[in-house]
Amino acid sequence: MNRRDDICGALRRMLPDGCVVDSTESMKAFDSDGLSAYRQVPLAVVLPETVEQIAAVMKYCHEQGVKVVPRGAGTSLSGGALPLADAVLLGLGKFNRILEVDYANRCVVAQPGVTNLAITHAVQADGFYYAPDPSSQIACSVGGNVAENSGGVHCLKYGLTTNNLLGVEIVTIEGEILRFGGKHLDSGDYDLLGVMTGSEGLLGVVSEVTLRILQKPATARALLVGFEDTGDAGKAVGDVIAAGIIPAGMEMMDGLAINAAEDFANAGYPREAAALLIIELDGPEVEVDALIERVEAIVRKAGATSVRVSQSEEERNLFWAGRKSAFPAVGRISPDYLCMDGTIPRRRLPDMMRRMNSLSQQYGLRVANVFHAGDGNLHPLILFDANQPGELERAEEFGADILRSCVEMGGVLTGEHGVGVEKRDLMNIQFTEDDLKQQQRLKCAFDPGHLLNPGKVFPHLHRCAELGRLHVHKGKLPHPDLPRF
Amino acid sequence: MTDIVISDLQQAQDAIQDAVAAKSRLELRAGGTKRHLGRAASYDAVLDVSAFSGIIDYQPEELVLTLRAGTPMEIVEAALAEARQILAFEPPRLSRILGEGAPGASGTIGGVIAANLSGPRRLTAGAARDYLLGFEAVSGRGELFKSGGKVMKNVTGYDLSKLMCGSFGTLGVMDEITLKTLPAPETARSLLVGHDSLIDAVSGIASIFATAHEPGAAAILPQTVAAEEGVDLGMPFTAVIRLEGIEASVADRLGHLLALSGGEPLDADRSAALWQRIRDIQPLAERPHDIWKVSCAPSDAPRVMAALDPGLDVRMIADWAGGLLWIAGTSPHIGTALRAAIAGLGSGFAMLIRDVGATRESIAPFQPLSGPVLELHKRVKASFDPLGVLNYERMHEGM
């Protein structure tokens, strides 16, 4: 028997029938996530049904030194759930139950495999919803949302997952079941709940979440605003916020994205515009009506060439239909595209657009832009054809240059998609060696053997013993033997 | 014992590396207004970071404020006021109850972050930890490191900003920090609703939060406190609900909620004054009482209060819809009873905020951690500060 057979046998003994998948053919369903350019069949797939079973798998893997890759719905856009040939893929798909809806404390307790949208579905009849709304919300799981700190189009006003998560239960690599947070708001210790959020499956496996739910706003209306110049559009976004207004969402699209979306969705977008803003306001009706007027005046002053205000829920949904179909729409005008995700300080938008245009010429590839304008989060879509030799590599290089530019302009490598394997090798653009070492030391506190989701996030792995060593850079102290104080 | 006064992170590195070499311990101090929060740190010298002061970059239309951690809160608040913005987590001024620092001292933004202090709007807008976007610091290893960034949406690497909030200076010495700001509400008014019991008050507030009228803060005052604050409705408990926004919206929502709850309105000036006193725990400040902070699920508040023997003679105010209880009294048994209540509930925490005698010598100020969680905390502490140079034992024994 080889080691793989040993491992699969042991996993079968600790899990019910059907919870271990180890034939190459069946494992193909798990060989990739939302970053589908990368594929790898894992050592084995386990699909446990209880937290005790997760703990048993983790304990076994820890004792045997077997790597573990956790996976929710497998929708990561950065390869966060990409399997490894020598790792057990731990799928949370069977954890699909909502455990408690608690209106008195305005929260929902759910298993990690429940989809994001299912949380809202469970509470919407009573007027509540769950605010973070990543575009994959039909499919993505709330456990994965915690791992990636997922956002969506409404984070400017309602925050990311981290701002809407009250508590988690996790299983550590040692098989300990721990709870951070709960239905209470503050806890007096280190914010390990905050650290778990966005840790990309490297610190622990989320086995339960407690999410804050909100009362659905009484009404929502949107403006569709065209500009001849992306700089004017960027300025309009800043002017709205400077006027003290925080819209529920402020989305921008450039000319290529506008036309692709219009071809696809017939939303009535102004095809001649260089930039389009969708500005949505939500809240009490009198407030929304008053603010819509203020926003309309602001965008006109900023140079808007067309302004439409939604007069009905159908019209508002139509405004969004184009934006929400932007990715498939771009998919129609190009055989393949890469979706990038960086953030810049919003005032640098015109510089960024110029930079992207010149990169587009340099690489000979088109780029369409959709942009969470309110919070500076860019989603350039780089168009390419994977069947043309070298185009994927060129598109990836183009993407890396865009992300480098984000950092140069004072921004960051990823706003909501995560580092995963995709941006791992760019981490040292944003961080110094000491920055990364400190992050890895935190990893060592949770997982000293580097067994959980290895190969993600960090470009170089250092052994924990090496990271733990103290170096006194100053070297020679004047009188090292004397007390200093 | 001499204070080590430093003016930048380079000097912080020198001082910490000296301490590492000498195996000595440092207490971090800027405004010094929160020294009596938590345990007394064990230290050989004070690392004075009060010179880390000043605003570095403030872009109101980007909602981003970058400043040095030792900047006094009054400077921060003045800059924000000029741009008609706020820190939405509504940081309280605890110097008024702690009696630390110069009289009326505002404390520093670094202190607010280190203690993760948030006020009434925390219920709907989040805590200090939700507004720290990034920072630069020197760890207890004497290494300079940064995390996060200067933009609002960022998931690059671990979110160490969360960890720094509420770490009471035990992980690193912060200098440059970046915060998310928000526009100040144009106006705020409140609604007062009388209730027969704490249970009724908590569920009355829950029913208001189940409407689309967007309450932003909700406190509960027992009748004695309500009377002292001039908002007595002749009922055992008064719920105070705050509505913020543009004038037309606040007026409209207040009208709806008055019709729904049968309460009374409180005008903008009185509302602002009352909420500031609730934020700063002023109703409990004057008497020589220990003050405990309890954070629990809002619906558990009545059970926590019921766990306190009536003979203990406590005063309390509740905030965060019941999820935050400030409990004051002189009995040394308050803390034991609260800790037992929380153990029974299985979640929440009770922290001793002020003691007038020597209560903290007989009971841990921070909620004790369970074995494996404490072990993890020690490993996290060691990953930043293996020798325990920074604010050693400020939070828990042995770390």
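Reader: How many salt bridges are counted between domain 2 of chain A and domain 4 of chain A?
Author: This is a predicted model, in which local features need pLDDT of at least 70, side-chain atom pairs count only at pLDDT 80 or more, and totals for chains, interfaces and linings use all residues. Residues are numbered from 1 along each chain as its sequence is written, chains are lettered from A and ligands numbered from 1 in the order in which they are written, and side-chain values use heavy atoms, with hydrogens and water left out. A salt bridge here is a side-chain nitrogen of Lys or Arg within 4 Å of a carboxyl oxygen of Asp or Glu. Between domain 2 of chain A and domain 4 of chain A, the count is zero.

Reader: Which residues of domain 2 of chain A lose the most area to domain 4 of chain A?
Author: Domain bounds come from an automatic or database domain assignment; domain 2 of chain A covers 98-215 and domain 4 covers 334-424. Together the two domains bury about 560 Å², buried area being the accessible area (1.4 Å probe) that two parts lose on being put together, summed over both. Three residues account for 58% of what the domain 2 side buries. They are Glu148(A), Leu156(A) and Glu200(A).

Reader: Which helix of chain A gives the most residues to the side that touches chain B?
Author: Contact means heavy atoms within 4.5 Å, and 97 residues of chain A meet 92 residues of chain B. There are 33 residue pairs in polar contact between the chains, both at pLDDT 80 or more. Helices (H or I, at least four residues) and strands (E, at least two) are DSSP runs, numbered from the N terminus; those that supply at least two residues each to the chain A side include strand 9 (177-181), helix 8 (230-242) and helix 16 (433-446). With nine residues, the top contributor is helix 16.

Reader: What area is buried between chain A and chain B?
Author: Carbon and sulfur atoms give 58% of this area. The total is about 7800 Å².

Reader: Which residue forms a salt bridge with Arg121(B)?
Author: Two salt bridges are found across the interface of domain 1 of chain B and domain 2 of chain B. For Arg121(B), the closest N and O atoms are 2.9 Å apart. Its partner is Glu244(B).

Reader: What area do domain 1 and domain 2 of chain B bury between them?
Author: Their centres, taken over C-alpha atoms, are 33 Å apart. The contact takes 11 residues from domain 1 and 11 residues from domain 2 of chain B. Carbon and sulfur atoms carry 48% of the buried area. The value is about 880 Å².

Technical notes: A polar contact is a pair of N or O atoms within 3.5 Å; within protein, one must be able to donate a hydrogen and the other to accept it, and residues adjacent in sequence count only if both atoms are side-chain atoms.
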